[in-house]
Amino acid sequence: MLKLFRTLIFVALASAFATPLFGQGITRELLVRPGDTVQVINATGRINVIAYKETTGIGDDSVSTITLSGSGSTDPSENDLRIDTGRGRHWITVSPANSANRFDIALHLPERVKLIATTREGEVRAQGNFQSLAARTETGTIAADVPTFDLRYSLQWVASRPRYLANFEIAGVKEKSA
């Protein structure tokens with residue numbers, strides 16, 4: 001009986017302490033219309049954006065979800081995510097109180113939005129049908145899974161010997177002296 005009691009106490013304590021370790025994250029909703037511009041800045045974490053074809057039934061308005069999650073044992077606080085909106089533009093900035101914390105952000109946006117994603121050390125991943133997409137990172141990967149019909153692109157590397165992969169023919173790379 002004592003062994004069963006100790007086991008139950010251990011399980012209760014383990015479950016109480018496990019929740020903070022795996023991070024809950026922050027989820028917010030934002031009203032975004034196709035054609036709006038969404039600018040995301042997350043200096044040290046990943047930016048993952050999916051454009052979906054779904055509306056709320058209120059004209060062309062779509063409810064977008066923004067999820068901020070921490071890596072490791074750190075949880076983001078409400079102050080780590082800042083959202084400003086105005087006149088068809090939405091600015092989403094991730095700025096942790098402690099610069100050692102790394103937070104990843106995931107967005108679900110309606111199709112045909114203009115996306116500008118900027119990170120210094122993280123990956124930018126975009127999937128879906130965007131009106132325009134601009135992605136910038138210094139040390140991370142940029143991955144775009146977008147429709148190839150009527151696709152215009154401009155790629156710029158500031159380091160030598162870039163690596164790229166595409167399911168279609170990419171124009172020849174023009175290298176300039178550094």
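This is a predicted model: local features need pLDDT of at least 70, side-chain atom pairs count only at pLDDT 80 or more; totals for chains, interfaces and linings use all residues.
## Exercise 1: The overall build

Work out how many helices and strands the protein has, and in what order they come.

**Solution.** 
Step 1. Start by counting: there is 1 helix, and there are 11 strands.
Step 2. Now read along the sequence, and you get α-β-β-β-β-β-β-β-β-β-β-β.
Step 3. Next, look at how contacts span the chain. Take the contacts between residues at least 6 apart in sequence: 64% of them join residues at least 24 apart.
Step 4. Finish with the surface. The protein has 178 residues, and 26% of them are buried. Its accessible surface is about 12,500 Å², with 52% belonging to carbon and sulfur atoms.

## Exercise 2: Buried or exposed?

Decide whether Ser64, Thr44 and Ile41 are buried, partly exposed or exposed.

**Solution.** 
Step 1. You need the cut-offs here: buried means under 20% relative accessible area, exposed means over 50%, and partly exposed is in between.
Step 2. Ser64 sits in strand 4. Its relative accessible area is 0%, so Ser64 is buried. Leaving out residues up to four places away in sequence, Ser64 touches Arg28, Glu29, Leu30, Val32, Tyr52, His108, Leu109 and Pro110.
Step 3. Thr44 is in the loop between strand 2 and strand 3. With a relative accessible area of 14%, Thr44 is buried too. Beyond its neighbours within four places, Thr44 is in contact with Asn101, Arg102, Thr119, Arg120 and Glu121.
Step 4. Ile41 belongs to strand 2. Its relative accessibility is 35%, so Ile41 counts as partly exposed.
Step 5. Check what lies around Ile41. Not counting residues up to four places away, Ile41 touches Ile92, Thr93, Val94 and Thr118. Ile41 and Arg120 are 79 residues apart in sequence, yet their C-alpha atoms are 9.0 Å apart in space.

## Exercise 3: The largest pocket

Describe the largest pocket: what is its volume, and which residues are closest to its centre?

**Solution.** 
Step 1. The volume is about 2,000 Å³.
Step 2. The lining has 44 residues, and the closest to the centre are Ala135, Ile142, Ala144, Ser154 and Leu155.
Step 3. Now trace the lining back to the strands. Strand 9, strand 10 (132-137) and strand 11 (142-145) each supply at least two lining residues. The largest share, 6 residues, comes from strand 10.
Step 4. Sort the lining by class, and you have 24 nonpolar, 12 polar and 8 charged residues.
Step 5. Val173 lies in the segment after strand 11 and, at 38% relative accessibility, counts as partly exposed.

## Exercise 4: Two positive phi angles

Say where Arg112 and Asp150 lie, and what stands out in their backbones.

**Solution.** 
Step 1. Recall the background: most residues other than glycine have a negative phi.
Step 2. Arg112 has a positive phi of about 65 degrees, although it is not a glycine. You'll find Arg112 in the loop between strand 7 and strand 8. Its relative accessible area is 38%, so Arg112 is partly exposed.
Step 3. Asp150 has a positive phi as well, near 50 degrees. Asp150 lies in the segment after strand 11. At 66% relative accessibility, Asp150 counts as exposed.

How values were computed. Residues are numbered from 1 along each chain as its sequence is written. Side-chain values use heavy atoms; hydrogens and water are left out. Helices (H or I, at least four residues) and strands (E, at least two) are DSSP runs, numbered from the N terminus. Buried means under 20% relative accessible area, exposed over 50%, partly exposed in between (1.4 Å probe, protein chains only). Contact means heavy atoms within 4.5 Å. Accessible areas come from the Shrake-Rupley method with a 1.4 Å probe; for residues, only the protein chains shown count as cover. On a 1 Å grid over the protein atoms alone, a cavity is a set of points where a 1.4 Å probe fits but cannot get out, and a pocket is an open set with protein on both sides within 12 Å along at least five of seven lines; lining residues have an atom within 4 Å of a point. Grid points are joined across faces, edges and corners, and a volume is the space filled by probe spheres set on the points. Ala, Val, Leu, Ile, Met, Phe, Trp, Tyr, Cys and Pro count as nonpolar, Asp, Glu, Lys and Arg as charged, and the others, Gly among them, as polar.
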